[in-house]
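Welcome! Have a look at the model below, and then we will go through its salt bridges together.

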Amino acid sequence: MENVKQLLAVRRQKLQKLIEMGVDPFPNKCKRTHKIKTLLDNQKEYVNKQQKVIITGRLDAMRRQGKVGFGNVSDESSRIQIFVKYDIVGEVNYEVFKLLDLGDFIQVDGECFVTKMGEYSVKAKQVTILGKSLRPLPTVKEKVVDGKVQRYDEFSDIELRYRKRYMDLLLNPQNKMNFELRAKIIREIRTFLDSRGYLEVETPVLQPLYGGAFARPFITYHNTLDIDLYLRIAVELYLKRLLVGGFEKVYEIGKNFRNEGMDRNHNPEFTLLELYQAYANYNDMMDLTEDMVIHIAKSIFGTDTINFQDQEISLAKPWRRASILDLIEEETGFDASDFDFEKIKAFCKKNEITIYPTAGPGKLIEEIFKEFVEAKLIQPTFVIDFPKEVSPLAKEKPGNPNLVERFELFIYGNEYGNAFTEINDPIDQRERLEAQMKLRELGDTEANLIDEDFLEALEYGMPPTGGLGIGVDRLVMLFTENTSIKEVILFPQMKPEA
RNA sequence: GCACUCGUAGCUCAGUUGGCAGAGCAGCUGACUCUUAAUCAGCGGGUCUAGGGUUCGAAUCCCUACGGGUGUACCA
């Protein structure tokens with residue numbers, strides 16, 4: 001740490017020197033006439049008429065050479081070289097220039113020109129410090145070889161990149177793209193849904209009861225009310241209340257919180273799109289999902305084909321729709337359609353699938369699917385008609401009391417969405433939740449709770465409804481070709497450092 | 001949770017069989033009035049993640065802890 005102290009001390013000394021010279025290292029005012037990109041876009045014209053410009057940005061390279069010096073300044077738009085000459089800026093300003101460190105924010109008043117070596121630059125008339133950097137940033141250098149940018153000493157430590165995201169963004173500008181694309185994707189989701197008449201709503205993050213998904217919640221406490229509250233694990237039960245209230249098409253994009261393990265597909269807080277539509281069912285939700293994902297792909301990337309992990313994935317309609325039972329049979333030859341518990345248990349035992357005490361045949365079918373099928377679903381696939389046992393909010397499939405109208409969307413072996421024809425029969429819904437409570441009593445910590453207020457709402461009447469949930473982070477991962485959710489969340493959850 | 005793996009200067013990394021902790025960049029001093037991974041000369045900078053053990057001697061071998069990654073389990 002001695003070294004760090006020295007590096008910090010040096011910068012503070014420079015700060016002191018500037019102050020002694022009467023220079024404010026953190027002025028309140030600055031001026032900019034051009035973004036750097038504008039300079040690049042108008043190079044010929046600006047060079048010809050020696051365009052006067054004032055640029056601002058961070059000094060990220062410096063090559064001083066006696067009484068002349070070069071630097072590079074970056075703003076959000078781009079990066080350009082500056083040329084600072086003693087004879088032009090004068091003795092005092094040149095002293096200031098010499099006291100600059102990499103990472104300082106500066107303003108350069110000057111004019112556009114081309115150096116002897118042919119590089120388009122800003123010839124400084126004055127260099128003004130806008131914000132002193134008191135801590136050294138790692139230096140990443142770049143060199144263009146055969147038109148390709150080669151980077152040296154890249155800031156690449158994954159842990160540091162996540163913990164100090166600002167450095168990652170600053171030093172690895174290509175990583176900013178993930179987050180720009182994330183914003184665009186979410187914007188296109190809204191554009192798409194808004195144009196189809198869905199109303200965006202906001203429902204409570206702090207809930208007295210949690211529901212709508214299988215997950216353990218985060219618990220918090222409200223002082224004045226003197227009650228525990230839960231951070232939502234889903235917004236489902238609130239959005240359905242809105243359908244009772246007469247809204248016909250609603251959606252919410254927001255953070256949900258699940259108190260579970262973390263890995264490259266799971267962050268404790270994550271962004272979920274949930275959508276409910278009256279007078280619709282899960283088939284409509286499949287159509288909608290296809291249209292929405294294709295809209296995103298085409299409007300942002302101009303194509304309905306994407307590459308992920310060297311696999312070409314076609315988003316063109318229609319996506320495969322196959323039942324979970326058919327897929328299992330396809331992969332394993334095992335026919336579970338009779339829901340014969342003993343037979344299914346035997347199959348699980350033979351294949352070393354854990355049989356939890358609370359699991360029935362439906363749960364085991366889901367386990368078999370995970371074990372044998374999931375990873376095989378590379379191209380977009382709607383896996384449909386799930387066991388009723390594992391779907392307490394989904395409506396039974398006509399003609400088969402073991403199944404419900406539900407689908408999960410899989411792409412490249414990962415789950416992206418979950419949807420069903422929603423239960424609007426309050427009696428059925430109560431029975432399903434009561435069955436969940438029994439599981440809970442048997443030790444299933446993720447089983448659903450009974451939300452009496454929600455059941456009461458259903459009793460007033462809810463229209464037949466299709467509901468959909470899409471994992472937004474995963475969608476962003478897909479479109480940005482990332483295999484870790486931490487790459488698409490600006491500040492992913494990390495263990496505290498020792 | 002379990003398994004494997006990594007942790008050395010601000011950053012990127014090397015470190016042989018267990019034998020004086022290194023390089024480049026960044027920093028500091030000096031030279032240089034058109035450089036661009038600027039160059040040249042010199043200098044400073046380390047609790048080798050932490051703690052314990054083996055050993056004459058540990059960055060290196062062993063154990064434990066912490067942190068990261070990967071896989072697996074869990075997770076709609």
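A salt bridge here is a side-chain nitrogen of Lys or Arg within 4 Å of a carboxyl oxygen of Asp or Glu. The structure, a predicted model, holds 40 salt bridges. Residues are numbered from 1 along each chain as its sequence is written, and side-chain values use heavy atoms, with hydrogens and water left out. Because the model is predicted, local features need pLDDT of at least 70 and side-chain atom pairs count only at pLDDT 80 or more.

| Salt bridge | Distance |
|---|---|
| Lys132 and Asp104 | 2.7 Å |
| Glu366 and Lys363 | 3.7 Å |
| Glu396 and Lys388 | 2.6 Å |

Start with the salt bridge between Lys132 and Asp104. This pair links distant parts of the chain, 28 residues apart: Lys132 lies in the loop between strand 5 (120–131) and strand 6 (141–145), and Asp104 in the loop between helix 4 (86–98) and strand 4 (105–114). Helices (H or I, at least four residues) and strands (E, at least two) are DSSP runs, numbered from the N terminus. Lys132 is buried, at 6% relative accessible area, and Asp104 is buried too, at 0%. Buried means under 20% relative accessible area, exposed over 50%, and partly exposed in between (1.4 Å probe, protein chains only).

Glu366 and Lys363 sit three residues apart in helix 12 (residues 361–372), so about one helical turn separates them. Glu366 is buried at 9%, whereas Lys363 is partly exposed at 27%.

In the salt bridge of Glu396 with Lys388, Glu396 is partly exposed at 30% and Lys388 is partly exposed at 22%. Elsewhere, salt bridges with shared partners join Arg11, Lys14, Asp101, Asp104 and Lys132 into one network.

Conventions: Chains lettered and ligands numbered in written order.
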